Each structure stands twice: as C-alpha cells, then as structure tokens.
Amino acid sequence: MKVVHVNAEAQRNACLARLCAEVYGQDAGLTPLVVFTGTCSVFFPQEAARLFAAVDGNGKPLALALLVLDEEGEGMTVTHACAFDQPDAQQRLIRELTLKAPLRVEVDNAEKEAFYQQSGIKRWFGGVGGKRIGLGARHPAKSVGELAPTLSLDEALILRRFKHDPKAFEEAKLAFLKGLNDFPHVL
C-alpha cells in the first residue's frame, strides 16, 4: 500500500464526491453535496484541505481521507475517511498519515477512539460535549488548550445559496454526480 496526495482537480473532485457519498450514505439529504461544494469551492482553492488516498500496487484506491487545517495552520484534522474493499485500508492510511502530518482527530465514542489508537494516534484529551481529541506524534500541541479550532464550512450559507440560486444548486449537483461517475479506478 502506498499513500498519494490526490491533487489533480478532476481526480480530487471525483475522490471527494465518492468520499462524501461513502461517509454520509444515501439517506443524508443534502449534507454530502454541501460538504463537497464547500470543500471544492473554499477549502481546496485556499489550500486549507488535502485529500489523500491509500492505493494498492496497481494504483487502485483502497481508502480516502480528507484533512482540514486548523485556524493557525499548524495541525490537520481528519474530517472524513473511508475504506473500500479492504476494511483495514483506512487504518493503514491513517497510520501512514500520522507519520507524515500533524494529525488531529475528534471522536464521540470508545470504538472510534480505539480505531484511531490502533492507527497511531497516541495522545488523547477530553473535548467539548464529551468528545475526545486525539493527536498524532507530529502535532505540536502539548495540551487541549493549545489547540486551534479546525477550519469549518458555513453549511447554512451554502444551503441558503442552493435555496435562492437554483442554477448554483444544479451546477453543484451535476459536479457531484460527475465526480461519482468519474471516480478513478487508478490514481
């Protein structure tokens, strides 16, 4: 398995569409489209997010992970991740990323915390609302008080735009569907 930064726009958008679809499923309403649209139109142009894939020896995508910068530009939070045919591929991808990036994760249950601990996230802190925050070895923060907030999308603003601009909604929907249809078999 090899980790690749998915940087070419067409491949990146296709992989992001697939990641959103995998993470949210078919019963998620507009959430996958909103995250896709905001990430493509805000985070990627500002270089505030990176998309990584774990690929096999032939370049076939096995897992995807979206990392979003914090407000200080010091750490990157795993906001979305999934695996395809091999359930352990996501864990291997996260493990590789912990070796290379200042990773942060936020979880809301013991099962997810255990998953990330096995993926190489070893430092844990209590967060707001019972969440747990895990940091990889390369993350510079020494305490929860040193953590800058992760950048976030204004999802309500994107939804309002969709509501008041049917053309923008249609364009976003077509871009998302194109991404799903163009998901690469090889990266």
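Okay, a definition to start: a patch here is made of residues with over 30% relative accessible area and no salt bridge, with like charges joined within 9 Å. Areas are Shrake-Rupley values with a 1.4 Å probe, and only the protein chains shown count as cover. A salt bridge means a side-chain nitrogen of Lys or Arg within 4 Å of a carboxyl oxygen of Asp or Glu.

This is a predicted model, where local features need pLDDT of at least 70, side-chain atom pairs count only at pLDDT 80 or more, and totals for chains, interfaces and linings use all residues. Residues are numbered from 1 along each chain as its sequence is written, and side-chain values use heavy atoms, leaving out hydrogens and water.

So, the surface. Glu 71, Glu 72, Glu 74 and Glu 146 come together in a negatively charged patch. Glu 146 sits in the loop between strand 7 (132–135) and helix 5 (155–164); helices (H or I, at least four residues) and strands (E, at least two) are DSSP runs.

On to salt bridges: there are 8 in the structure. One of them joins Glu 22 and Arg 18, at 2.9 Å, N to O. Those two are 4 residues apart in helix 1, about one helical turn. Another pairs Arg 104 with Glu 106, with closest N and O atoms 2.8 Å apart. Is Arg 104 buried or exposed? Arg 104 is buried, at 7% relative accessible area, while Glu 106 is partly exposed at 35% (buried is under 20%, exposed over 50%, partly exposed in between).

Last, Gln 118: this residue is in helix 4 (residues 110–118) and is exposed at 53%.

Conventions:
Patches are made of residues with over 30% relative accessible area and no salt bridge: like charges are joined within 9 Å, nonpolar side chains (Val, Leu, Ile, Met, Phe, Trp, Tyr) within 5 Å. Lys and Arg count as positive and Asp and Glu as negative; His and the chain ends are not counted. The place of a charge is taken as NZ of Lys, CZ of Arg, CG of Asp or CD of Glu. Buried means under 20% relative accessible area, exposed over 50%, partly exposed in between (1.4 Å probe, protein chains only).
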